[in-house]
Every structure is written in C-alpha cells, then in structure tokens.
Amino acid sequence: MNSFSWSRFAQRSGYSIVVGLAFLRSTIALGEIMPSDCERAAQYSESKRGVSMLVLQNGRTIFERYGNGGSARGRWPIFSGTKSFWGIAALAAVHDGLFNLDDSVSDTITEWKGDRRKSQITIRELLNQTDGIEGASRLQRASIRDRNAAAIQLPILAEPGSAFIYGPSHLQIFSELLRRKLNGRTTTRYIEARVLNRLGLGRLNYKKDAHGNPLPATGFELTAREWARLGELVLGRGNYHGRQIVPANLLREAFVGSQANPSYGLTFWLNQQSRKLSGEADMERMLDLPWESARWTDVCICKDAPADMVVALGSGYQRLFVIPSLKAVIVRQGSNAKFSDAHFLRLILGL
C-alpha cells in the first residue's frame, strides 16, 4: 500500500493521516515484505512466462504461487544457478584443508607450470571467472568425451585477474583440480556428502561426460522450495537447520567481488554496487556481449534493493535472491522471456 492509499484509508477509517503514514514508515523500516506486493510481482512474473514464485522471510512462507504449468513438486532447470552449489562445495573443500583460495592452480594442475600466465592463476580466480581462460560454452556439448581434459587445454585470453570472462570452463577446470585433490573420491560424491545431502537434496542431474566428469556450470533441476534451501544456508551464515556446512567467515568470501567485476563473487552475483546508486544492468544480456565489450563497474542488479543482496542466477531468468538484511529468500523460475529483475524486486519490496 503506497502513501496515497494509506491517506485514503486513514481518512475513511477515522485515523489521522499522520498516524497512518507513521505506521507505514515503521513497516518499511522493519523490512516487512507484504503478500499484496508479492501478488503484484507474481502477476508480472507470470506475464513473462514465470512458473513459480516463492518468498520466505524470517523463516516463514510469505508467498508461494505457481502458474504456466509450474507446480510445487515440479522440478525446473536452474541452469547456471547450479554454479553456486559448486561454489559452496569449493568453500567446504577449503574448510576441509584440501586447498586455500589463493593457492596457485598449477600446484595441482602441474601441466600449467610451464605457461607464464596460466601458472599465475589462483583457485579464487577460477571461482570468480577472472582467470583469463576462454569461457568455452562448447564444453556443455554432450559430444565432448572428457570435458576436464578439454578445459585445462583451453587458451588464455587475458592476464589473470584482469578480465571477467563468463563461461563453463572455469568451474570445469576447478572440477579437475578438486578431483585430483580428492585422491580417488569422485567430485559428485564430495558435493553430495558435504553440501547436497545436508540440504536434503538428491537425485540431481550432473550431465556427466564419458569419463564421469560432472558439468558444474549447469544441470540441476529443483523445485522452488528445494532451491530456497541454498538461500536459507546463506541466511544462516553457512548453517542450514542446525547443520554447519561452511563457517560464516569462509562463506563471506563468496560475496566479495573482484576488480574486474565487482558484481560477481565466488559463483554468486552481488548487488553491492547499488550503494553508489549505480546504473542497473540486465546481467543475462550483459553476458551475451563479447567479454571485451562488457563493462561491469558501476552496475548493479537493482539500485533500490539492499546492497547485501546476493543472487544465484540461471539463464531464462531463473533466480534465487537472498537478502540477509531482510532475512528474505525469493525464488523465481520460468521460461525464457523479456524480464526485469529490477522491476520484479521493486514490486516485491513495495517500491
């Protein structure tokens, strides 16, 4: 309800306008998400082929609705939203002592030691996609028999740390590094034991190649409520329903942007540049640009959303918005259509 409708309500019900507006301001200050605002956001989402919308706040369901063929039990592809689960697995591996984020990748993938630029790449740069390696979307093809081998042989296009080049290559290389560190255990068994099982998730599609290597860049299909569990983990600062998956101080590393792209952390998108009243950007459209043309400084997802918002983002406007300051998790799933994250968020937040 906006201030004008509050004024009319106050007049008709005998309250003073001052009292009505004071109540409104206190509601906004508390950050309460209103079901009526969610209803408007759901109508917008469904008009853009949305199939599900779920809003949790303070551990309670504020709003849940399905349309256009979606259902509460229907799993839906989250595409690149899959990356964020592997980002959490990477942090779990750090906690388990398998490596540190700023270790050189070439300490494990020793084939890179003789390459001046590749030998400088760190694990952190793999996870925030600033290693300079070609993005190589072709790695997603089922015809590639060994994606890991193909990924580590890809050319480097920019100095490590100097450019954000989005694509599946970086996590595919990380997958090979993790495989070597596990000494015989598979990477899928590791992510299941350390992350997915603790979130109550199973029977997921890893899109394995002929050598059994998973495709960490995409593949998972989840219900809205299943995907929301990752958001609850973030709100719990690494703890999900009493199970600590990663320590809070380590989880914070995932929400630190790079110089090349301040809006992307370790497999999570960030809204932190909204503090500067930056221009808004459609991240999916930005990713369609050649990497040399994209400009990632002074852009944010929604300048009116809290700066601490983090997002797991999948193509076709699959979204997991997590807003710690509001203790809120918002899931939106749908088929590809022209959609505005900023408009959707403003509707939910009543702005």
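## Strand 10 and its partners

Glycine 314 has glutamine 318 of strand 11 as its bridge partner, and strand 10 and strand 11 (residues 318-323) pair in the antiparallel sense over five bridges; strands are DSSP runs of E with at least two residues, helices are runs of H or I with at least four residues, both numbered from the N terminus, and two strands pair if DSSP finds at least two bridges between them. The two strands form a hairpin with three residues between them, and glycine 316 in the turn has a positive phi of about 75 degrees.

Strand 7 (residues 269-270) is joined to strand 10 by two bridges, and these strands run antiparallel, with leucine 270 standing opposite valine 310.

## Basis of the model

This is a predicted model, in which local features need pLDDT of at least 70 and side-chain atom pairs count only at pLDDT 80 or more, whereas totals for chains, interfaces and linings use all residues. Residues are numbered from 1 along each chain as its sequence is written, and side-chain values use heavy atoms, with hydrogens and water left out.

## Burial of strand 10

Because five of the five residues of strand 10 (residues 310-314) are buried, the strand is largely enclosed by the rest of the structure; buried means under 20% relative accessible area, exposed over 50%, and partly exposed in between, with a 1.4 Å probe and protein chains only. Val310, Ala312 and Gly314 point one way, while Val311 and Leu313 point the other way.

## Asparagine 128

Asparagine 128 lies in the loop between helix 5 (123-127) and helix 6 (147-152), and counts as buried because its relative accessibility is 6%. Leaving aside residues up to four places away in sequence, asparagine 128 touches Phe164, Ser258, Tyr264, Gly265 and Leu266, where contact means heavy atoms within 4.5 Å.
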